[in-house]
2 protein chains.
Amino acid sequence: MDDLKLVDVYVDEYLRDESGHTALRSMLNIINATGGKKVRPMVLLLAGRFGPRWPECRERLCKMGAAVEMIHTASLIHDDIVDDSPMRRKRRTVQSKFGKEMAVYAGDFVLSRIVYYLFKEASIEVGMLLAKTVESMCYGEIGQYARLYDTETTIEDYLSNIFGKTASLFVAACAIGAMESGCSEKTSMILRQVGEHIGYLFQLRDDLLNITSSSGREGKPVHCDLINGTYTMPILHALRHPSGGRLREVIHTIGSGTLVLRDIEKMGEEIQDILNSSRGIEFTREIIHNHAQQAKELLETLPKGPVRQGFLDILELLMGD
Amino acid sequence: MDDLKLVDVYVDEYLRDESGHTALRSMLNIINATGGKKVRPMVLLLAGRFGPRWPECRERLCKMGAAVEMIHTASLIHDDIVDDSPMRRKRRTVQSKFGKEMAVYAGDFVLSRIVYYLFKEASIEVGMLLAKTVESMCYGEIGQYARLYDTETTIEDYLSNIFGKTASLFVAACAIGAMESGCSEKTSMILRQVGEHIGYLFQLRDDLLNITSSSGREGKPVHCDLINGTYTMPILHALRHPSGGRLREVIHTIGSGTLVLRDIEKMGEEIQDILNSSRGIEFTREIIHNHAQQAKELLETLPKGPVRQGFLDILELLMGD
């Protein structure tokens, strides 16, 4: 998709540093080099093809796609401070290389740039929507942090946190695409719902892979969510199962912080057994599958064609690994 | 000044939390309770009385004053993470009470709220200006952090950092007042220059008081800048004096981190002696005085009256303690 390249061009432009600060430049190099799959701009660009203003709105869609991707980037920089992550996308994080302090300002810098360009483009509606989205993202992160190491976290708490953390930006990406291309309110609502399902399944899969993948993904060690006190869907489900008591014990032992890596690896096997017997993993997979199914059904109410197919392809992409 | 109360009303409104997150609510209570002197909105409101659109623009000035004060608040929340400050305005900081992690998101939350309301007010020009100001603030903080524990920091580096950290927001406050009230380009330029002088003298005085005040101010211990590796004007001046060699030694000993509080207190006396013999404090006082003098002279080119007097009063207020 050529438009994704244009998104990159705008990200580069928006992140350009003219201050000559050596430290900032090095940080921006890391930030830009760690470019991910750009799923959010992809979704935005596709949503923007359902409206009558496409293709005139194409350039603006790319600009807004860049803004959405940069919000994601800024949130990763700030999240890595909180998670104390050494690696991200197989590279060292800003905070691990330059310190938490620099990472705070690097994230703020990226945010200030997004805001500047949104005002410059006079994108009032998009600006309001994205400001509200960042607010939701803060709610999600604060909510998750407030529940750290809390085995009483409910599945509702967890879902509400991942809505804020992840789904809200996917909803916004769809809403912006619909808005800029002039979709009807009905189409816009369908696209926003599709975005919400994609957001949920995206985060649920990410959390699941942290448990099921045999080796660390993107430099993130297996079970690091659990070790860091974030209890995700398979764990929360297992805690409610008859074997939940044993899992609780394991979790408390891990939480005591007296274990070495070897002990945790050994526990990994036991956790796997508990998750197998409680069907925590299957349960999570079913929920993910349901979100994909609902997104598909919603898309099928929209006009058939390459755009709809593009959306279905993204779903496929996200469901594979 | 009644308008300052209206600024408070808008700050309250903009910070209102409807999410029901207990943790966020507690943080917002701290953030709001630590209300400072509101110097920045004061300056904005005064600048806004020089233009022909005053008093119609009064309400908007209060809203913009609230946005400027909130940017200052957000920057304090993020700065306290970096400085690891336990206290601010005689209260515990967000980061010391809720952790650095929460403070990252509390700052982001405040920023997202400002951006939302600026878009809602469709304040394109103000929005662009404030985004650029936050960018400058990041440059200032990153620049300061990059120079930590560096006795080769030049006075130019220091001044450039305090421009970003502090003066830029005062310039913005004056620019917004001028813009909203429809000042001529000439008046606007004078006001922006006044803002710059106020900003510099404000930060220079703040840094000086960290050295000269006998007891800790606002819970900030004496010489904590020095201990934390931030070398401010009196120190930088003294380092360039013949007695600079001894100061360098003292600084390196402090930087080694092996001292207890008692040693540092003893060193405090020696630092004071070095600063006296190098006239580092007098030199800084002269620069502060020069900024005040230049601000006064610029104000004297503007129409005489209560507004101009108000500005001169703020200068007096900032020069006293």
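Where is the place of B:Y149? B:Y149 is in the loop between α7 (124-146) and α8 (155-181) of chain B, and one of the views below shows this loop.

**Model and numbering.** This is a predicted model, in which local features need pLDDT of at least 70 and side-chain atom pairs count only at pLDDT 80 or more, while totals for chains, interfaces and linings use all residues. Residues are numbered from 1 along each chain as its sequence is written, and chains are lettered from A and ligands numbered from 1 in the order in which they are written. Chain A averages a pLDDT (the predictor's confidence in each residue, from 0 to 100) of 90, and 94% of its residues score at least 70. The model has an ipTM of 0.93 and a pTM of 0.93.

**View 1. The contact between chain A and chain B.** Chain A gives 36 residues to the contact and chain B gives 36 residues. Two residues are in contact if their C-beta atoms, placed from the backbone, lie within 7 Å. On the side of chain A that touches chain B, the elements with two or more residues are α2 (22-33), α4 (58-83), α6 (100-120) and α7 (124-146). Helices are DSSP runs of H or I with at least four residues, numbered from the N terminus. That side of chain A holds 22 nonpolar, six polar and eight charged residues. Here Ala, Val, Leu, Ile, Met, Phe, Trp, Tyr, Cys and Pro count as nonpolar, Asp, Glu, Lys and Arg as charged, and the others, Gly among them, as polar.

**View 2. The relation of the two copies.** Chain A is superposed on chain B by a rotation of 180 degrees with 0.0 Å of shift along its axis (RMSD 0.0 Å). This is the relation of a two-fold axis. The superposition is by least squares on the C-alpha atoms of residues with pLDDT of at least 70 in both copies. Of the interface residues of chain A, 100% are also interface residues in chain B, so the copies meet through the same surface.

**View 3. α4(A) against α6(B).** The two helices pack at an angle of about 155 degrees, with their axes 8 Å apart. That makes α4(A) roughly antiparallel (an angle over 145 degrees) to α6(B). Axes are lines fitted to C-alpha atoms over the stretch in contact, and angles run from 0 to 180 degrees between N-to-C directions. A:H78, A:I81 and A:V82 of α4(A) meet B:E101, B:V104 and B:D108 of α6(B). The residues of this contact are three nonpolar, one polar and two charged.

**View 4. α14(B) against α15(B).** Helix α14 (residues 280-299) and helix α15 (residues 306-319) of chain B pack at about 175 degrees, with axes 10 Å apart. They are therefore roughly antiparallel to each other. B:A292, B:A295, B:K296 and B:L299 in α14(B) meet B:R308, B:F311, B:L312, B:L315 and B:M319 in α15(B). This contact has seven nonpolar, no polar and two charged residues.

**View 5. Backbone details in loops.** Most residues other than glycine have a negative phi, and most peptide bonds are trans. A cis peptide bond with omega of about 10 degrees joins A:W54 and A:P55, and A:P55 is in the loop between α3 (39-47) and α4 of chain A. B:Y149, not a glycine, has a positive phi of about 60 degrees. B:Y149 counts as partly exposed, with 13 C-beta neighbours inside 10 Å; a residue is buried with 20 or more other C-beta atoms within 10 Å of its own, exposed with 12 or fewer, and partly exposed in between.

Terms used
Parallel < 35°, antiparallel > 145°, perpendicular 65-115°, else oblique.
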